[in-house]
Amino acid sequence: MNGILNKKTTKFDIHTHTVASGHGTTDTVTDLCRRASKIGLDAIGISDHAPAFPGAAKESYFRSLLKAPKSRFGIDVFYGVELNILNAEGDVDLPDELISSLDYAIISLHTKVTKPMSLEDNTNAYIKAMEHPNVRFIGHPDDSSYPIDYVRLLSEAKKRGVYPEINNASLMPDAYRKNCRENDRAILSICKDLSLPVLLSSDSHGKEHIANFSYIYPLLTECGFPNSLILNPVSLSS
Ligand SMILES: [Zn+2]
Ligand SMILES: [Zn+2]
């Protein structure tokens, strides 16, 4: 992951899913890489759901990614995972040695895996999950199903070099997560105060929505969020 953040490229989307996530698409890694190259990205990250998510691939899939090509269709490819946070202790659903070997990890709470807890426990769950190796991003902490102490969470993220994402899928009209716009406003305001950069994510299941941040941009403008605090202010014509 440091690869992407060190390359100074801004044209990437690293929260994407393939058929291996078990829902929403039959597109493969190849399909996503081809599309990312075609629309002008410099890099793509594949972050399929980890095994606790119903229908998701097993640990062996993530081990096989360690041997996958790092460059395809002329762009860099990073192989990560969207881990499920399983409890307030921040346990996740792949072994640490495997997480270390992947390029990066996103940590997320999903209602299909982990029942919402108290505000304190939800916040502790994220903070403790950040202690696992290679966790670089907080997945969609924008869902009121999981109330979060944002000041505490984002202050801890800043200390650890972890970045919150602003998730385009959360802001789509058919989104199932709750109060995301309002929660994103709070996240962006605190990130501005802390000078903590954010990651823009499509959370595309399949190739269709790769690098589609169209619901995020108006919110960034509305909040006066500075471009200098966006890790990937990618702007594409197609
Ligand atoms: Zn997710
Ligand atoms: Zn996702």
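Because its relative accessibility is 0%, Ser108 counts as buried (under 20% relative accessible area; exposed is over 50%, partly exposed in between; 1.4 Å probe, protein chains only). Ser108 sits in strand S6. Helices (H or I, at least four residues) and strands (E, at least two) are DSSP runs, numbered from the N terminus.

Beyond its neighbours within four places in sequence, Ser108 contacts Glu82, Leu83, Asn84, Ile85, Tyr126, Gly139 and His140; contact means heavy atoms within 4.5 Å. Val92 is 16 residues from Ser108 in sequence, and their C-alpha atoms are 9.4 Å apart.

## Basis of the model

This is a predicted model, where local features need pLDDT of at least 70 and side-chain atom pairs count only at pLDDT 80 or more, while totals for chains, interfaces and linings use all residues. Residues are numbered from 1 along each chain as its sequence is written, chains are lettered from A and ligands numbered from 1 in the order written, and side-chain values use heavy atoms, with hydrogens and water left out.

## Zinc ion (ligand 1)

Which protein donors hold the zinc ion (ligand 1)? They are Glu82 (OE), His110 (NE2) and His140 (NE2), lying 2.1 Å from the ion. Donors are N, O and S atoms within 2.8 Å of the metal (3.2 Å for Na, K and Ca); water is not among the atoms, so sites may look incomplete. Along the chain the donors of ligand 1 are spaced E-x27-H-x29-H.

His110 lies in the loop between S6 and H5, and His140 in the loop between S7 and H6, so this pair ties together parts that are 30 residues apart in sequence. Both His110 and His140 are buried.

## Zinc ion (ligand 2)

His15 (NE2), His17 (NE2), Glu82 (OE) and Asp203 (OD) coordinate the zinc ion (ligand 2) at 2.1 to 2.2 Å. The angles among these four donor atoms run from 83 to 171°, and the site is irregular. Four donors count as tetrahedral if all angles lie between 85 and 135 degrees; four count as square planar and six as octahedral if opposite donors are over 155 degrees apart and all others between 65 and 115; anything else is irregular.

The spacing of the donors of ligand 2 is H-x1-H-x64-E-x120-D. Glu82 coordinates both zinc ions, which are 3.4 Å apart. Glu82 belongs to strand S5 (residues 75-84), and Asp203 to the loop between strand S9 (199-201) and strand S10 (204-205), so the pair links distant parts of the chain, 121 residues apart. Both Glu82 and Asp203 are buried.

Helix H5 spans residues 119-129. Its buried residues include Asn122, Tyr126 and Ile127. The buried residues of H5 pack against strand S6 (104-108), strand S7 (135-138) and helix H6 (150-160).

In helix H2 (residues 29-38), Val29, Asp31, Leu32, Cys33 and Ala36 are buried. Their cover includes strand S2 (16-17), strand S3 (43-46), helix H3 (59-65), strand S4 (71-72) and S5. Gly40 follows H2, with a positive phi near 95°.

## The largest pocket

The largest pocket has a volume of about 540 Å³. Of its 26 lining residues, Ala169, Tyr176, Arg177, Asp203 and His205 are the closest to its centre. Helix H7 (168-171) and S10 are the elements that give two or more residues to the lining. On a 1 Å grid over the protein atoms alone, a pocket is an open set of points where a 1.4 Å probe fits, with protein on both sides within 12 Å along at least five of seven lines; lining residues have an atom within 4 Å of a point. Grid points are joined across faces, edges and corners, and a volume is the space filled by probe spheres set on the points.
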